[in-house]
Amino acid sequence: MNSRTPTFGKLSKLAAVLSSALLLSVVTLATAHEAHVHGVGKLDVALDGKTLSLHLDSPLVNLIGFEHAAKSAKDKQAAQDMAKTLRNAATVFVTTPSAECKLSGVQLVSAAIEPALLGEAAAKKPAGHEDHDGHADMDADFSFQCAYPERLQRIDVKLFDAFKGFNSIDVQLVTPKRQGAAKLTPTAASITIQ
Ligand SMILES: [Zn+2]
């Protein structure tokens, strides 16, 4: 028998795995670029040990009513009000009380708004979100530490109440027990965790 055949088999298998991984990353990139739809937000939720992480990716207009740079006093005030609401994240993402989740970090990044207006100490260059065609996004990260993560049943998402611009929010959820997707609307704004 030809001893090279198994090696070739392994190589072609590896090539197949690599090309499907490449395809996956291309698809992921394409999805990221299609994310900017006014009224629609994207929320990634992950529970890992005691850490609950949420990442909100939203057109800025949903949160603040505009997407240009905040230059006027009125626009700057609006940006600061938005940041204040988001930084008060425990009232935006209401977790099951018995899980005792405490907010441990918030990071707000937008290409259109100066970091200082968002309450960020150091200037962070927004990753991959260039302000093009007059559109801009908000990338917001929230972390909570939950004393009893196994008791976390749901998260009530108050973004629809806090901001006027959301019609729907696409949720991707990953926990040790399950992963899935959900679409939140103003009348169905809870995420079931377990
Ligand atoms: Zn836009």
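This is a predicted model: local features need pLDDT of at least 70, side-chain atom pairs count only at pLDDT 80 or more; totals for chains, interfaces and linings use all residues.

Trainee: What holds the strands of a sheet together, and in which senses may they pair?

Mentor: In general, backbone hydrogen bonds pair the strands of a sheet, in either the parallel or the antiparallel sense. Here, strand β1 (residues 40–48) pairs with strand β7 (residues 168–174) in the parallel sense over seven bridges, and K42 stands opposite D170 in β7. By contrast, β7 pairs with strand β8 (residues 179–184) in the antiparallel sense over six bridges. In that pair I169 stands opposite L184 in β8, and four residues lie between β7 and β8 in the hairpin that they form.

Trainee: In what order do the six strands of the open sheet lie?

Mentor: The order is β4-β5-β2-β1-β7-β8, and the pairing is mixed. At the edges stand β4 and β8, each of which pairs on one side only. From one strand to the next, the twist averages 15 degrees. Helix α3 (residues 73–87) packs on this sheet, where α3 touches β4 and β5, and the direction of α3 makes about 150 degrees with that of β4.

Trainee: What is the strand order of the open sheet of three strands?

Mentor: That sheet has the order β3-β6-β9 with antiparallel pairing. Its edges are β3 (93–95) and β9 (190–192); each has a single partner strand, so one side of each is left without a neighbour in the sheet. The twist in this sheet averages 20 degrees from one strand to the next. Strand β6 (residues 154–157) and β9 pair in the antiparallel sense over three bridges, with I155 opposite I191 in β9.

Trainee: Which cysteines form a disulfide, and how far apart are their sulfur atoms?

Mentor: A disulfide is assigned where two cysteine sulfur atoms lie within 2.5 Å. C101 and C146 form a disulfide, with their sulfur atoms 2.1 Å apart. The count by this rule is one disulfide. The link of C101 and C146 is right-handed, with 105 degrees about the S-S bond. It links distant parts of the chain, with C101 in strand β4 (residues 101–110) and C146 in strand β5 (residues 137–146), 45 residues apart.

Trainee: Are C101 and C146 buried or exposed?

Mentor: Buried means under 20% relative accessible area, and both C101 and C146 are buried.

Trainee: Which residues coordinate the zinc ion, and through which atoms?

Mentor: The zinc ion is coordinated by H36 (NE2), H38 (NE2), E67 (OE), E67 (OE) and H135 (ND1), at 1.8 to 2.7 Å. Along the chain, the donors of the zinc ion follow the spacing H-x1-H-x28-E-x67-H. H36 lies in the loop between α1 (4–33) and β1, and H135 in the loop between β4 and β5, so the pair ties together parts that are 99 residues apart in sequence.

How values were computed: Residues are numbered from 1 along each chain as its sequence is written. Side-chain values use heavy atoms; hydrogens and water are left out. Two strands pair if DSSP finds at least two bridges between them. Helices (H or I, at least four residues) and strands (E, at least two) are DSSP runs, numbered from the N terminus. Axes are lines fitted to C-alpha atoms, for helices over the stretch in contact, and angles run from 0 to 180 degrees between N-to-C directions. Buried means under 20% relative accessible area, exposed over 50%, partly exposed in between (1.4 Å probe, protein chains only). Contact means heavy atoms within 4.5 Å. Donors are N, O and S atoms within 2.8 Å of the metal (3.2 Å for Na, K and Ca); water is not among the atoms, so sites may look incomplete.
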